[in-house]
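Here is a short tour for someone meeting this protein chain for the first time. Have a look at the model, then read on.

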Amino acid sequence: QVQLVESGGGLVQPGGSLRLSCAASGIVFSISNMGWYRQAPGKQRELVARINNGGSTNYADSVKGRFTISRDNAKKMVYLQMNSLKPEDTAVYYCHPLATMSWGQGTQVTVSS
């Protein structure tokens, strides 16, 4: 059974930073390609960043240069460092193993002054 537990969200002012964490279990993490997605109210869930099992990364244009995805295979963790946050980054953020149908509960990120 795949379990994903996201944490690290919160309320931050524009220009601030947050680091999201995701603990994964029930998958062979070291070979899993992982992604961070987000869903804002009234919008579809979108891919923010992905990291493959070799460590190569891809980002949505909207977050390039501001967000960094990383992973720790020994700890079965995936992270999303978010800098220079904007109000339009407000959403629930989810981590997701790309080869599965599994999702965690998400963590809320709110960027507001």
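This is a predicted model: local features need pLDDT of at least 70, side-chain atom pairs count only at pLDDT 80 or more; totals for chains, interfaces and linings use all residues.

Residues are numbered from 1 along each chain as its sequence is written, and side-chain values use heavy atoms, with hydrogens and water left out.

**The whole chain**

Let's start with the fold. The protein chain has zero helices and 10 strands, so read from the N terminus its elements go β-β-β-β-β-β-β-β-β-β (helices are DSSP runs of H or I with at least four residues, strands are runs of E with at least two, and both are numbered from the N terminus). Its radius of gyration is 13 Å, close to the 13 Å from the globule rule for 113 residues, so the chain is as compact as a globular protein of that length. That radius is taken over C-alpha atoms, and the rule is 2.2 Å times the number of residues to the power 0.38. The C-alpha trace spans about 40 × 25 × 20 Å along its principal axes.

How much of the chain is buried? Buried residues account for 42% of the 113, where buried means under 20% relative accessible area, exposed over 50% and partly exposed in between, using a 1.4 Å probe and protein chains only. The chain exposes about 5,900 Å², with carbon and sulfur atoms supplying 47% of that; the areas come from the Shrake-Rupley method with a 1.4 Å probe, and for residues only the protein chains shown count as cover. Of the contacts (heavy atoms within 4.5 Å) between residues at least 6 apart in sequence, 53% join residues at least 24 apart.

**Salt bridges**

There are four salt bridges in the structure, each being a side-chain nitrogen of Lys or Arg within 4 Å of a carboxyl oxygen of Asp or Glu. Here are some of them.

| Pair | N to O distance |
|---|---|
| Arg-38 and Glu-46 | 2.7 Å |
| Arg-38 and Asp-89 | 2.9 Å |
| Lys-64 and Asp-61 | 3.2 Å |

Arg-38 turns up in a network of salt bridges that links Arg-38, Glu-46, Arg-66 and Asp-89. Is Arg-38 buried or exposed? Arg-38 counts as buried because its relative accessibility is 7%, while Glu-46, at 34%, counts as partly exposed. The salt bridge between Arg-38 and Asp-89 has an N to O distance of 2.9 Å. This pair links distant parts of the chain, 51 residues apart: Arg-38 sits in strand E4 (residues 34-39), and Asp-89 in the loop between strand E8 (77-82) and strand E9 (91-97).

Ala-60 lies in the loop between strand E6 (57-59) and strand E7 (67-72). Beyond its neighbours within four places in sequence, Ala-60 is in contact with Leu-47 and Val-48. Val-48 is 12 residues away from Ala-60 in sequence, yet their C-alpha atoms are 5.2 Å apart in space.

Ser-21 belongs to strand E3 (residues 18-25) and counts as buried because its relative accessibility is 14%. Leaving out neighbours within four places in sequence, Ser-21 has contacts that include Val-5, Trp-36 and Tyr-79.
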